[in-house]
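User: I'm new to this structure and would like to learn how to read it. Could you walk me through a few features?

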Amino acid sequence: MRYPARALLAPVLLLGLTACQPQRDIYGDPRVDLEAAKIDLMETDMAWANAASAMEDLELVASYWTDGAMVMGPGGPTVVGKEAIREMLATSAEIPGFQITWEPEGVEVGPSGRMGYTWGRNSVTLPDEDGNPVATEGRYLTVWRKNLDGEWKCAMDIWTDDPDVAPALPDSMDSANPAVGA
């Protein structure tokens, strides 16, 4: 039995069309280059750190947050929304000797490439009651989301001060994890 050429053309065309389709992740979204997304997010965090350290352009610093972002620092209220964050920035910039710096140490990006987080070390310098600068070292975790323009924006910014002395673990935790204290 002989097949007409047209009958063979349809499967070949179908195969060609499906081969040209982008690869999809488990959610049906086009696959992204996660390593490139991690580099992009790390570079974004570093650029934000440079802008915040200089504190010369508060709008630039604020531009890294989403409109509904949340900021949670030690000993203070949660700041919610870009307008409240702008007020926080303006108040901080008016404090003589105020300085904030951070350095990202790591980055992760979710499988869709639209959410990620960075973490690292930070330092906040404020004057004491005599006006002398006092730096408080800490750690941070920042949750990022890509906006519709493909830009990384901070959705949640959390940091904590390093403890003056490392707290002792409860005995129950020491026995549960033999590596603790080793």
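User: Is Asp162 buried, exposed or partly exposed, and what is its relative accessible area?

Analyst: Some ground rules come before that. This is a predicted model, where local features need pLDDT of at least 70, side-chain atom pairs count only at pLDDT 80 or more, and totals for chains, interfaces and linings use all residues. Residues are numbered from 1 along each chain as its sequence is written, and side-chain values use heavy atoms, with hydrogens and water left out. Now the labels: buried means under 20% relative accessible area, exposed over 50%, and partly exposed in between (1.4 Å probe, protein chains only). At 24%, Asp162 is partly exposed.

User: Which side chain does Asp162 meet in a salt bridge?

Analyst: Side chains of opposite charge can pair when their charged atoms come close. The rule here asks for a side-chain nitrogen of Lys or Arg within 4 Å of a carboxyl oxygen of Asp or Glu. Asp162 meets Arg139 that way, at 3.4 Å from N to O. Asp162 sits in the loop between strand E6 (152-161) and helix H5 (171-176), while Arg139 is in strand E5 (residues 133-146), so the pair ties together parts that are 23 residues apart in sequence. Those labels are DSSP runs numbered from the N terminus: helices (H or I) have at least four residues, strands (E) at least two.

User: How many salt bridges does that rule give?

Analyst: The count comes to 7. One of them joins Glu108 and Lys38, at 3.8 Å from N to O. Glu108 belongs to strand E3 (residues 99-109) and Lys38 to helix H2 (residues 34-54), so this pair links parts that are 70 residues apart in sequence.

User: Which residues of H4 are buried?

Analyst: Lys82, Ile85, Leu89 and Ser92 are. Looking down the axis of H4, you'd find these buried residues within an arc of 80° (taken from the directions from the helix axis to the C-beta atoms), so they line one face of the helix. They pack against helix H3 (58-62), strand E1 (65-72) and strand E2 (79-80), where contact means heavy atoms within 4.5 Å.

User: And which residues are exposed on the other side of H4?

Analyst: Glu83, Glu87 and Glu94 are exposed there. Glu83, at 52% relative accessibility, also forms a salt bridge with Arg86, their closest N and O atoms being 3.3 Å apart. Both lie in helix H4, 3 residues apart, about one turn of the helix. Arg86 itself is partly exposed, at 27%.
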